[in-house]
Amino acid sequence: YSLWSTTLGKHTLGELSVLVWKRGIAAAAGHDHVVRATRFGGSLDRPDPTHVKVDVTVETASLIPDEPALREKLRVGPPVKDPDRKTIEEHLKGPGQLDVEKFATIHFESTQSMLDEKGKGSIKGRLTLHGVTRAVEVPVTVTLLENRLRGSARLRIALSDYGVQPFSALLGLLGNRDVVELVIELVTRPL
C-alpha cells in the first residue's frame, strides 16, 4: 500500500519528524529542535497478521525545522523566531551536517518483522543516511483503522554512526546531541 506525505483536505497521510536535543554548558541559550519531512513516500504492507514490510524514502531537501505547531504538538519548547529557524535550516541542510546537495535522500527498508496479535512488535531493516547504511531494529505498532494501515514507531540513532557531525558552536559550549529520535507515523491510502 502506498504512502503519501501530501495533505488531502485536513487529513495528512503520515508524518516523519526528528527530535534533536541541545547540549553543552551554554545549552540554555539554545533550542531543542523538531524537524519534519515534508516530502516522503514508500510502502507499508502487512502480508499476514504477524509480519509487516516497510520501504520509505525521504527527500532531505524537504526537511523543515521548528514549525511552531509541531513544536507545540511534540512539546519541544517555545516557538523559535523565524530568523533563527532560517539559520537552523541552513546549518541542517549544509555541507557540515546533512549535505542535502550530495545526499538527497534518507531510506529505510525492512528486512524482517514480528508482530503480536495486537500489531505490536519490531521491525529489523536497513537505514541509509548520509550515504551510510546500517542495520536497525525498531519497536512498532501496526493497526488497521478505517480501512487504512497505520504504523507508529520511535527510533533513536547516533548521527555520528552515519558520518554526520551534530551542530556545534562557541568552541563546543553549545550544540546538538549526537543521539536524535525519529518519530514515525505512516498511514496508507485506503485499502
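## Basis of the model

Residues are numbered from 1 along each chain as its sequence is written, and side-chain values use heavy atoms, with hydrogens and water left out. Because the model is predicted, local features need pLDDT of at least 70 and side-chain atom pairs count only at pLDDT 80 or more, while totals for chains, interfaces and linings use all residues.

## Overall make-up

The protein contains two helices and 16 strands, taken as DSSP runs numbered from the N terminus (helices H or I, at least four residues; strands E, at least two). Of its 191 residues, 41% are buried, where buried means under 20% relative accessible area, exposed over 50% and partly exposed in between, with a 1.4 Å probe and protein chains only.

## Salt bridges

Eleven salt bridges are found in the whole structure, each being a side-chain nitrogen of Lys or Arg within 4 Å of a carboxyl oxygen of Asp or Glu. One of them pairs E59 with R39 at 2.6 Å, N to O; E59 lies in strand β8 and R39 in the loop between β6 and β7, so the pair ties together parts that are 20 residues apart in sequence. E59 is partly exposed at 37% relative accessibility, and R39 is partly exposed at 40%.

R156 and E181 form another salt bridge, with the closest N and O atoms 3.6 Å apart, and it links strand β13 to strand β16, parts that are 25 residues apart in sequence. R156 is exposed at 54%, whereas E181 is buried at 10%; salt bridges that share partners join R154, R156 and E181 into one network.
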